[in-house]
Amino acid sequence: MLQLLATFFLAALNSHLAQPAPAATRLDVLQEIWNFDIQAPSCPNPFNSGSHELISMTLVGTAQHDVADIDPATIKIWSEHCAAGPVTPLRYNYDDKTTPVLPGPGCDFTSQAPDGILDLNVQFRKTDVQSGLGLGSCAPGTFVRVFVSAKLMNGCGIFGLDCVRVQ
Ligand SMILES: [Ca+2]
């Protein structure tokens with residue numbers, strides 16, 4: 001009887017392991033990387049601590065990525081590893097502001113001129129970004145990676161990356 005129970009348990013365990021991954025795991029797979037450009041077309045992106053101005057950040061449209069598919073209400077920015085944030089934008093607008101560049105792990109991006117494809121520009125209060133991402137404690141000249149997350153109208157998650165240089 002004991003052997004029969006052990007066999008049943010192993011069969012149930014194997015069956016469980018063969019099941020598809022939970023939905024939460026599959027959503028991670030669906031996430032897309034989009035081009036994200038802070039203060040386009042300037043580079044590097046100086047961030048003046050204590051400034052009460054707005055800072056512009058752009059989700060860059062491409063032939064494959066139509067910015068009209070983004071739900072603007074879901075746009076948020078975060079610090080590395082989501083250690084700080086999110087910060088939500090004050091407002092947004094659609095404009096052809098720049099050309100996409102391939103995202104990389106560092107802060108060595110270059111910005112280009114408009115390319116005829118619509119981009120989604122979001123404006124944040126610098127004071128919100130400074131306090132929300134903890135930039136006030138960064139030494140002048142420090143490059144800080146800023147991550148953006150959002151959802152498309154179909155629910156797919158997207159994210160992007162750019163940097164600011166704290167002044
Ligand atoms: Ca563009």
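Predicted model: local features only at pLDDT ≥ 70, side-chain atom pairs only at ≥ 80, totals over all residues.
Biologist: How many helices and strands does the protein chain have, and what makes a stretch count as one?

Modeller: There are three helices and nine strands. Both are DSSP runs numbered from the N terminus: a helix is H or I over at least four residues, a strand is E over at least two. In sequence order the pattern reads α-α-β-β-β-β-β-β-β-α-β-β.

Biologist: Why is His52 called exposed?

Modeller: His52 has 8 C-beta neighbours inside 10 Å. A residue is exposed if 12 or fewer other C-beta atoms, placed from the backbone, lie within 10 Å of its own, buried if there are 20 or more, and partly exposed in between. His52 therefore counts as exposed. By the buried cut-off, 26% of the 167 residues of the protein chain qualify.

Biologist: Where is His52, and which residues is it in contact with beyond its sequence neighbours?

Modeller: His52 sits in the loop between strand 3 (46–47) and strand 4 (54–60). Two residues are in contact if their C-beta atoms, placed from the backbone, lie within 7 Å. Setting aside neighbours within four places in sequence, His52 touches Lys126 and Thr127 in that sense. His52 and Thr127 are 75 residues apart along the chain, yet their C-alpha atoms are separated by 6.0 Å. Across the protein chain, 70% of contacts between residues at least 6 apart in sequence join residues at least 24 apart.

Biologist: What makes a group of residues a nonpolar core, and which residues have the most contacts inside the largest one?

Modeller: A nonpolar core is a set of buried Ala, Val, Leu, Ile, Met, Phe, Trp, Tyr and Cys residues joined through C-beta atoms within 7 Å. The largest has 24 residues, and Phe36, Met57, Leu59, Phe124 and Val148 have the most contacts inside it. Strand 4 gives the largest share, four residues. Leu59 is in contact with Phe36 and Val148, among others.

Biologist: How do you know that strand 2 and strand 4 pair?

Modeller: Pairing needs at least two DSSP bridges between the strands. Four bridges join strand 2 to strand 4, which run antiparallel, so the pair meets that cut-off. In strand 4, Leu59 is the bridge partner of Phe36.

Biologist: Which strands are the edges of the open sheet?

Modeller: The four strands lie in the order 2-4-7-6 with antiparallel pairing. Strand 2 and strand 6 are the edges, as each pairs on one side only.

Biologist: What makes the backbone stand out in the loop between strand 5 and strand 6?

Modeller: Most residues other than glycine have a negative phi, and most peptide bonds are trans.

Note on methods: Residues numbered from 1 in each chain as written.
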